[in-house]
Amino acid sequence: MIEIKNLRIEDTSDGWSRVAVDVNFEGMDDLYNGEGIWFSTPSKNKHMLSESYDAFLLVPLYIAMSYKQDLYIRGKVSKRLYKNIMTYVQTILCEYSERLSKVNIFVDGFSNTTNQIKNGGIIGTSFSCGIDSLTTIYDCYINEQDEDYKLNALFLCDCGAYGNYQDPKSHEAYNQEYIYNRPAADELGLPAHQVKSNVHAFMGNIKDFQLDKLHGRNIFNSGSWGYLATFSCVFALQEGINKYYYPNSYEYEEIKECGKYARGYDLSKFCESYLVPLLQTENIEFITHGCQYTRTQKTERISDWHIMKKYLNFGCKKNGILCGQCSKCTRVLCILDVMGKIEEFSTTFDLKAYRKNLFIKKCHIRYNAMTLSPATAGAREIVEYYKAHKNNTMPSALTAWIYMFFYRARRKIARMLKI
Ligand SMILES: [Zn+2]
């Protein structure tokens, strides 16, 4: 069994405060050296930290389901969250991965539900400053006039998206991203809050994370569980936050079309449009934003916004300029290229790096668009976008196929010669 107990709010020596619990693994391996789970924030935000166990429910649930262990929470949780988990969420997770099994969750009662969602609290979202995040800020802050829905705070969480908790580089990457993105929040006039956690230290040690190695990643595939960690960070601050916009990665249609290919690999692509609305408490309403747009539509939507030109960030900045050659940069630049706006972004991206081997990059996109894999929807969307415009410079299907045939043959021969 997994036991979560002894919740406390405490100050740490670095000027931060945190809500922490002890974790007891009985009858199974300890996943993280006997340590507990915590969520922390600068002490000026201490009043936001919640004494509910909600923040310690989702990730221990995923671990319990992975190891077929019952979960014992020695404290109170939200009745709404508990009911949704017991009735719906576990079913969705079992459909997502055959490695997961339904488990019992025992709690010591429910939090006071008279504290319903109130007006005047914090309405937040993430400010990673990627396309999804910026589209959410653009729609829900710049273009939102209703104070009940208008964003009034931004959050950046260090809970897995930057890599393994034990790797100091992951925290350096997080700090660097905060330094790059903070001026965007200042320019928008929004407070930029930091949240850190060690919750991904536990997730990274789950046995089924071997999957990530199949995809050649040195860091976790946070897509498989990352947003459970992000929501847990928000639950930890639910004394202050009333609404939270979750910037969706995938369009409704894309999830319908590609979800089945993402089974066991990418929880977001499998079900984010219908799982996220179930992760609610009486105090926090989560709103998924972005499902109504394709990636191309998001890029088009914010391409004239000076904040995008100045602060777009995919975590690949060098000296303040995006690399121009990673898959995220290539995808957005291809769209801007067709729109005829690429030169407007000459100080945002390294355009020289983008144009180097561009034909080869496009052959990869064209080829991916022809194959059936979880990645194809994005590639197909770009190819369709090129087709719909006059200056279609995407290689033909035949050209891409021939190129990829020789590309793969060459790689195979090179590998054989190495052996
Ligand atoms: Zn890049």
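Let me start with Thr125, which is found in strand E6, covering residues 122-126; helices here are DSSP runs of H or I with at least four residues, strands are runs of E with at least two, and both are numbered from the N terminus. This is a predicted model, in which local features need pLDDT of at least 70 and side-chain atom pairs count only at pLDDT 80 or more, while totals for chains, interfaces and linings use all residues. Residues are numbered from 1 along each chain as its sequence is written, and side-chain values use heavy atoms, with hydrogens and water left out.

Is Thr125 buried or exposed? Thr125 counts as buried because its relative accessibility is 0%, where buried means under 20% relative accessible area, exposed over 50%, and partly exposed in between, with a 1.4 Å probe and protein chains only. Leaving aside neighbours within four places in sequence, Thr125 is in contact with several residues, among them Thr136, Ile137, Leu151, Phe155 and Tyr244, contact meaning heavy atoms within 4.5 Å.

Now to the sheet around this residue. E6 pairs with strand E7, residues 153-158, in the parallel sense over three bridges, and two strands pair if DSSP finds at least two bridges between them. The bridge partner of Thr125 in E7 is Leu154. Stepping back, we have an open sheet of ten strands with mixed pairing, in the order E5-E4-E1-E2-E3-E8-E7-E6-E9-E10. Strands E5 (105-107) and E10 (285-289) stand at the edges, each with a single partner strand, so one side of each is left without a neighbour in the sheet. From one strand to the next, the twist averages 25 degrees; angles run from 0 to 180 degrees between N-to-C directions, and axes are lines fitted to C-alpha atoms, for helices over the stretch in contact.

Let us turn to the helices. Two packed helices are described by the angle between their axes and the distance between the axes. The axes of helix H1 (residues 58-67) and helix H2 (residues 79-96) come within 12 Å and cross at roughly 55 degrees. H1 and H2 are therefore oblique to each other, given that angles under 35 degrees count as roughly parallel, over 145 as roughly antiparallel, 65 to 115 as roughly perpendicular and the rest as oblique. On the H1 side, Leu58, Leu61, Tyr62 and Met65 meet Ile85, Gln90, Leu93, Cys94 and Tyr96 of H2. By class, this contact has eight nonpolar, one polar and no charged residues, with Ala, Val, Leu, Ile, Met, Phe, Trp, Tyr, Cys and Pro counted as nonpolar, Asp, Glu, Lys and Arg as charged, and the others, Gly among them, as polar.

A second pair is helix H3 (residues 131-142) with helix H10 (residues 295-302), packed at an angle of about 55 degrees with axes 10 Å apart. That makes H3 oblique to H10, and their crossing is left-handed. The residues in contact include Asp132 and Asp139 of H3 and Arg295 and Lys298 of H10. By class, there are four nonpolar, two polar and five charged residues in the contact of H3 with H10.

Finally, Ser303 is found in the loop between H10 and helix H11 (306-311), and Ser303 is buried, with a relative accessible area of 0%.

How values were computed: A crossing is left-handed if the near helix is turned anticlockwise from the far one by less than a right angle, and right-handed if clockwise.
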